[in-house]
Amino acid sequence: MLLSLLQLPDACRVEHKIPKKNIAEHARHSSSAARLLQQAVESIHLLGHITPNNSNIAAHQDAELEYLELMLISVRLKEPLPAAGQLKQLHQLLHQSIAYPLLLELRNERGAQWSLAEKTINQASPEHEQLVVQELVVTDWQSEQPNELQKEFQHSLRFDQLDHASLKTLYLSLLGCFVRYLTAHSLQQTTLADAAARYDQDLEQQHAKLRKIQQLQQHIKTLQTQRDSCSQFNEKVAINLELQRLTRELKELS
């Protein structure tokens, strides 16, 4: 699904199966992660491999970051579809296990979920053999029949529309597409065009706004659960007042 949306040049396309045991080795200190990999994953394939040699896009390396090559990996899931928390664990595990910037797809017959991860060089390893995941950015489930917002997001991922100045800018332009979409999705907007005027900030500012929105929404959800299970009138009043404050704050962001 994602490979067809990206429209990668033929030179950047590959078809290489990655044995699950290779990923499981990185989860050897976590029996639950290794068990989830075996129970939930049917197969893992490398579908895209973008390098300076096959794309004519320059690598980027500095004291903290390495963008020497980018990979597109697709994970075929078993049925039934894992729970949301398990899907996130799988995203985390794959990104931690592969020491390159990665565009990851978890998919089944009905759709897919995609993720990127901001990674920095492991300063404790002079050989830089492993990058450290700083933050994971995961989409919602993208069905085979996307809504209008999802269609616009998916169209924005086309390879020829991304920034080709370097592999770093290429990856960050993908991240920008993810952040813009997830912000609009979190605010229940129907199209990216609805909020186009609000996205003139740089990526760091946009990402900070997305984090704030998601934190507020999670806090509101937690308080609503507490309120619904609360039997003390005064406590319910206090929770409702806090909910009103958080809702106003969220409305201002939207």
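This is a predicted model: local features need pLDDT of at least 70, side-chain atom pairs count only at pLDDT 80 or more; totals for chains, interfaces and linings use all residues.
Reader: Which residues lie closest to the centre of the largest cavity?

Author: The largest cavity has a volume of about 110 Å³. Its lining has 14 residues, and those closest to the centre are Leu6, Leu8, Ile50, Leu103 and Leu174.

Reader: How do the residues of that lining divide into nonpolar, polar and charged?

Author: β2 (41-50), β5 (70-77) and α7 (167-186) each supply at least two residues of the lining of the largest cavity. By class, the lining of the largest cavity divides into 13 nonpolar, 1 polar and no charged.

Reader: And which elements give two or more residues to the lining of the second largest cavity?

Author: The second largest cavity, with a volume of about 40 Å³, is lined by Glu66, Tyr67, Pro101, Ala117, Lys119, Leu131 and Tyr171. By class, these are 5 nonpolar, no polar and 2 charged residues. The elements that give two or more residues to this lining are β4 (66-67) and β7 (111-121).

Reader: Turning to the largest pocket, which element gives the largest share of its lining?

Author: This pocket holds about 380 Å³ of space. Its lining includes Val138, Asp140, His185 and Lys221, and divides into 2 nonpolar, 6 polar and 2 charged residues. The largest share, 4 residues, comes from α8.

Technical notes:
Residues are numbered from 1 along each chain as its sequence is written. Side-chain values use heavy atoms; hydrogens and water are left out. On a 1 Å grid over the protein atoms alone, a cavity is a set of points where a 1.4 Å probe fits but cannot get out, and a pocket is an open set with protein on both sides within 12 Å along at least five of seven lines; lining residues have an atom within 4 Å of a point. Grid points are joined across faces, edges and corners, and a volume is the space filled by probe spheres set on the points. Ala, Val, Leu, Ile, Met, Phe, Trp, Tyr, Cys and Pro count as nonpolar, Asp, Glu, Lys and Arg as charged, and the others, Gly among them, as polar.
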